[in-house]
Amino acid sequence: VSWEKPNNAGTINSNADGFIFNDGSGDFDGSSQTTTLTIPTTENNADGTYKCVVSSSEHTKVNEETDVESKVFTMTSTPKSVVLDGTEQTLTCTIGDLDAGQEVVVTWRETTGGTDLSTDTTNYGVVQGTVDANGDQNSILTIKQNKISYVFWRETTNGDPLSSDGTNYDIAQGTVSAGGIQNSVLTIKTPKLDTLSGPSFTYKCSARSSQYPESDESTQLDVVGNVFGVEPKGSEVLSGTLATISCVVTGLTQVLDSVSWEKPNNGGTISSDADGFIFDNGQADFGSNTQTTTLIIPIDQTASDGTYKCVVTSNEHNKLNDETEVESKVFIMSSSPKSVDLDVPDQTLTCTIGDLDASKPVDVFWRETTNGDPLSSDGTNYDIAQGTVSAGGIQNSVLTIKTPKCIMGKA
């Protein structure tokens, strides 16, 4: 085994002129032999093509030559004036004398032997750079704002910190403003939102200093997400009586910016306390992240069913004139006098309720006298059949007066 210098400059003498040559015979493993040449600093100022020359009687090879490249590059940097005002700063390292398209891998460290800074994406950003037409590659280190806190998000107290998993959550740590404010944003993605229920949900946020990483993690702060929702509260009353309907608006931390009601069939906006309507926007009772607005409908407007609209505006939730339909339904009641014979046991009386929706029966209460306690099916004096709603919207409730009660009536 021998080595030859570039440009036919002659055979290299082992361990002469600073070259260190190992023919590899001492490490022969039975199938391979590796010969190495260490090129001294004085010979490493430019690219060079060396020749490894081997002979193998086993394979009838005599002075078999193989070219081996020794390539060098340069590294330069220019001192830069930086301002430690909390804004991001950059440093540049230039690697020269490279072949086009053959970039080197640049590693940035704070100190010799320190950690590769490209792994610390919170405090640093590393751009490797590409080789330009002059053979130069510029690698740029961005030093990020150095007072950013690490923010941890959790679903529950003491749970494992959440991560940007790409499915349920994205987390942006945020940067520190000139005023010393860092906003960390947790994005709850659609698949996770579909599992949450309102009117609100709470996550936990805590922080730990990156400027002083030995510091303890902070206590956990509740971060509440309020879900905007409007729940209609309709009513069903006897025709010709007052009716009260309402809308319960949830997910609020601020009172609604406006509330109004509209009459059925596009009959126009209802003026508060006009035409017998009584309107309360609910601001006075705002609490528990809800606001309930109510509308009392006068007797002359409850002769038939009507669909009213509750219209709310919430700048907090970017809702403008959000409409929700609220039903005001009415029914009628009638009964016909019946001839009864107290000598005949188990007499019946019938109360008829009409104008009902199919399969939507009302609860019927029977009393002996006005304002008396409602009767019940006690098995001795009374049986009550509530009845079902017919296809025509009629429900017949039947009170059966049983024999002991009939005898008492006769006496």
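In this predicted model, Lys 402 is buried, with a relative accessible area of 17%. That value falls under the 20% limit for burial, so the residue is classed as buried and not as partly exposed. Lys 402 forms a salt bridge with Asp 383, and the closest N and O atoms are 3.4 Å apart. The two residues come from distant parts of the chain, 19 residues apart. Lys 402 sits in the loop between strand E25 (395–401) and helix H2 (403–410). Asp 383 belongs to strand E24 (residues 382–385). Asp 383 is partly exposed, at 31% relative accessibility.

The count of salt bridges comes to 10. One of them joins the side chains of Lys 51 and Glu 65, at 3.5 Å from N to O. This pair also links distant parts of the chain, with Lys 51 in strand E4 and Glu 65 in strand E5, 14 residues apart. Lys 51 is partly exposed, with a relative accessible area of 22%. Glu 65 counts as partly exposed too, at 44%.

A further salt bridge connects Asp 99 and Lys 71, with 3.0 Å between the closest N and O atoms. Asp 99 lies in the loop between strand E7 (89–96) and strand E8 (124–127), and Lys 71 in the loop between E5 and strand E6 (74–76), so the contact ties together parts that are 28 residues apart in sequence. Asp 99 is partly exposed at 36% relative accessibility. Lys 71 is partly exposed as well, with a relative accessible area of 45%. Asp 47 joins Lys 71 and Asp 99 in a network of salt bridges.

Strands E4 and E5 are part of an open sheet of 3 strands. The order is E1-E4-E5, and the pairing is antiparallel. Strand E1 (2–4) and strand E5 (61–70) are the edge strands, and each pairs on one side only. Neighbouring strands are turned by 25 degrees against each other on average, direction ignored. Strand E4 (residues 48–56) and E5 pair over 8 bridges. Within this pairing, Thr 49 stands opposite Glu 69 in E5.

Another open sheet has 4 strands in the order E15-E17-E20-E19, again with antiparallel pairing. Strand E15 (229–233) and strand E19 (278–280) stand at the edges. Each has a single partner strand, so one side of each is left without a neighbour in the sheet. From one strand to the next, the twist averages 10 degrees. E15 pairs with strand E17 (residues 243–250) over 5 bridges. Pro 232 stands opposite Cys 247 in E17.

Strand E22 (residues 319–334) takes part in several pairings. It runs parallel to strand E16 (residues 235–238), and 4 bridges join the two. Glu 236 stands opposite Lys 329 in E22. With strand E21 (residues 306–314), E22 pairs in the antiparallel sense over 8 bridges. The bridge partner of Ser 314 in E22 is Lys 319. The hairpin of E21 and E22 has 4 residues between the strands, and Asn 318 there takes a positive phi near 55 degrees. E22 also pairs in the antiparallel sense with strand E23 (residues 347–354), over 3 bridges. Here Ile 332 stands opposite Gly 354 in E23.

The loop between E22 and E23 holds Leu 342. Leu 342 is partly exposed, with a relative accessible area of 33%. Together with Val 340 and Leu 349, Leu 342 forms a nonpolar patch on the surface. The accessible area of the three residues is about 200 Å² together.

The structure holds 3 aromatic pairs. The ring centres of Tyr 169 and Tyr 203 are 5.9 Å apart and the planes stand at 75 degrees, so this pair is edge-to-face. Tyr 169 lies in strand E11 (residues 169–172) and Tyr 203 in strand E13 (residues 200–209), 34 residues apart. Tyr 169 is buried at 3% relative accessible area. Tyr 203 is buried at 5%.

Phe 277 and Tyr 308 form another edge-to-face pair, 6.4 Å centre to centre with 65 degrees between the planes. Phe 277 is in the loop between strand E18 (258–262) and E19, whereas Tyr 308 is in strand E21, so the pair ties together parts that are 31 residues apart in sequence. Both Phe 277 and Tyr 308 are buried.

How values were computed
Residues are numbered from 1 along each chain as its sequence is written. This is a predicted model: local features need pLDDT of at least 70, side-chain atom pairs count only at pLDDT 80 or more; totals for chains, interfaces and linings use all residues. Side-chain values use heavy atoms; hydrogens and water are left out. Two strands pair if DSSP finds at least two bridges between them. Axes are lines fitted to C-alpha atoms, for helices over the stretch in contact, and angles run from 0 to 180 degrees between N-to-C directions. Rings of Phe, Tyr and Trp (its six-membered ring) pair if their centres lie within 6.5 Å; planes under 30 degrees apart count as stacked, over 60 as edge-to-face and the rest as tilted. Buried means under 20% relative accessible area, exposed over 50%, partly exposed in between (1.4 Å probe, protein chains only). Patches are made of residues with over 30% relative accessible area and no salt bridge: like charges are joined within 9 Å, nonpolar side chains (Val, Leu, Ile, Met, Phe, Trp, Tyr) within 5 Å. Accessible areas come from the Shrake-Rupley method with a 1.4 Å probe; for residues, only the protein chains shown count as cover. A salt bridge is a side-chain nitrogen of Lys or Arg within 4 Å of a carboxyl oxygen of Asp or Glu.
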